[in-house]
Amino acid sequence: MASAGETQAAELEGRFREGDIRALARALTLVESGHPLGQELLKRLRGQGRAKVVGVTGSPGAGKSTLTDRLIVEARQRGEKVGVLAVDPSSPFTGGAILGDRIRMMRHHQDPGVYIRSLASRGALGGLAGATVAALALLEAFGFDRIFVETVGVGQSEVDIARVADTTLLVLTPAAGDAVQAFKAGVMEIADLFAVNKFDLPGGDRIIQELKSALDLSPPRPGGWRPPIFPTVAATGEGVEALFEGLEAHHQHLLGHGLLEAHRLERARFEVESVIQEWGRKKTHKAGDLVARVARGELSPEEAARRLLRPEAQEGPA
Ligand SMILES: Nc1nc2c(ncn2[C@@H]2O[C@H](COP(=O)(O)OP(=O)(O)O)[C@@H](O)[C@H]2O)c(=O)[nH]1
Ligand SMILES: [Mg+2]
């Protein structure tokens, strides 16, 4: 006898495979909320389909959503089915920025070849949540050809997105400080392409020069890829076609150098790490006594961690 959960999962899986967009929406909700049914569905659907996954990151207000909206148009003109995950961990409560993302991409609402989903989840270390990557797996299984993942470039999330996406696009603007922002904390290393958006504003040429100089000094990329820089005005669409061709060129580079598989492995590694982190966080939260003993100096953090992860092995290395 199949359990009620299995029956429900099978029913949802059936509709999902038929291309029912409501089944996709429901599956995403289940996965994001950590519902066991979501896990069951993921198990059944994961690994199907193959999308070009593009991470779009950059400071709040750089124009990521507006640019993504334009890139969707380019993808649609080429007959691609497009999924978008708009992740905004910076506003988990108000949802204000997410609402903005929605509005900027609203015109695709009537297009059945485009699906846009906002997620507010935050990972254990403030980065991308494991649930976001699970959502990505669902979109891929649904059969989208290209998936854009918009993440606000704060803290850990931009480093995470580079591990999860095949291609990472960093969106900068001529605004003072944006280049400085890009050059610190290893952000230069994670971008496969740069867009200098709001090129209608003064200072665009200067930032391109600064980027070029910085790139000349940065270490070579796998397969000898040199990250190109694209001036764009997302507000009008200027430069977006060239940027899209750049995304495509990077994908071809990954294909040609056998690098796509490495990206997939890295994404899976990220997911497993996310699960371990989440377990660790939950366990530690419940282990007040053990934590207090660490605070009193009676136990080292390593010993405490070992006991948490292997309660049966009280002493000695795991
Ligand atoms: N002047 C100018 N404004 C832009 C351009 N692209 C986006 N914007 C505006 O910048 C603001 C933030 O854009 P948004 O796409 O929401 O940025 P995000 O936070 O990075 O997603 C909005 O008011 C956009 O209309 C551009 O190329 N030039
Ligand atoms: Mg946005």
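1. Nonpolar surface patch. In this predicted model, Val272, Val275, Ile276 and Trp279 together make a nonpolar surface patch of about 420 Å². Of these residues, Val272 is found in helix α12, which covers residues 260–286.

2. How many of the residues of strand β4 are buried? In strand β4, residues 146–152, the count is 7 of the 7, so the strand is largely enclosed by the rest of the structure. In a regular strand the side chains alternate between the two faces of the sheet. Both faces of β4 are covered, with Arg146, Phe148, Glu150 and Val152 buried on one side and Ile147, Val149 and Thr151 buried on the other.

3. Neighbours of β4 in the sheet. Strand β1, made of residues 52–58, pairs with β4 in the parallel sense over 7 bridges, and strand β2, made of residues 82–87, also runs parallel to β4, to which it is joined by 6 bridges. Arg146 of β4 is the bridge partner of Lys52, and Arg146 is likewise the bridge partner of Val82.

4. Aromatic pairs. The whole structure holds 3 aromatic pairs. The ring centres of Phe16 and Phe142 are 5.1 Å apart and the planes stand at 85°, which is over the 60 degrees required, so this pair is edge-to-face. Phe16 belongs to helix α1 (residues 4–17) and Phe142 to helix α6 (residues 130–142), so the contact ties together parts that are 126 residues apart in sequence. Both residues count as buried, Phe16 with a relative accessible area of 3% and Phe142 with 11%. In the pair of Tyr115 and Phe144, the centres are 6.5 Å apart and the planes are at 20°, so the rings are stacked. Tyr115 lies in strand β3 (residues 114–119) and Phe144 in the loop between α6 and β4, so parts that are 29 residues apart in sequence are tied together.

5. Tyr115 is buried at 12% relative accessible area, and Phe144 is buried at 1%. Ring pairs link Phe16, Tyr115, Phe142 and Phe144 into a cluster.

6. Within helix α3 (residues 36–45), Arg44 and Glu40 lie 4 residues apart, about one turn of the helix, and their side chains meet at 3.1 Å, N to O. Arg44 is partly exposed, with a relative accessible area of 26%, as is Glu40, with 23%. Are the two partners buried or exposed? Glu140 and Arg267 are both buried.

7. Arg226 and Asp216 meet at 3.3 Å, N to O. Arg226 lies in the loop between α10 (204–217) and β7 (229–231), and Asp216 in helix α10, so the parts tied together are 10 residues apart in sequence. Both Arg226 and Asp216 are exposed. Finally, Glu11, Arg15, Asp20 and Arg22 are linked in a network of salt bridges.

Key:
Residues numbered from 1 in each chain as written. Chains lettered and ligands numbered in written order. Predicted model: local features only at pLDDT ≥ 70, side-chain atom pairs only at ≥ 80, totals over all residues. Heavy atoms only, no water. Buried < 20%, exposed > 50% of the residue type's maximum accessible area, 1.4 Å probe, protein only. Helix = DSSP H or I, 4+ residues; strand = E, 2+ residues; numbered from the N terminus. Pairing = 2+ DSSP bridges. Patch = residues over 30% accessible without salt bridge, like charges linked within 9 Å, V, L, I, M, F, W, Y side chains within 5 Å. Areas by Shrake-Rupley, 256 points an atom, 1.4 Å probe, with all protein chains shown as cover. Salt bridge = Lys/Arg side-chain N within 4 Å of Asp/Glu carboxyl O. Phe/Tyr/Trp six-rings, centres within 6.5 Å; stacked < 30°, edge-to-face > 60°.
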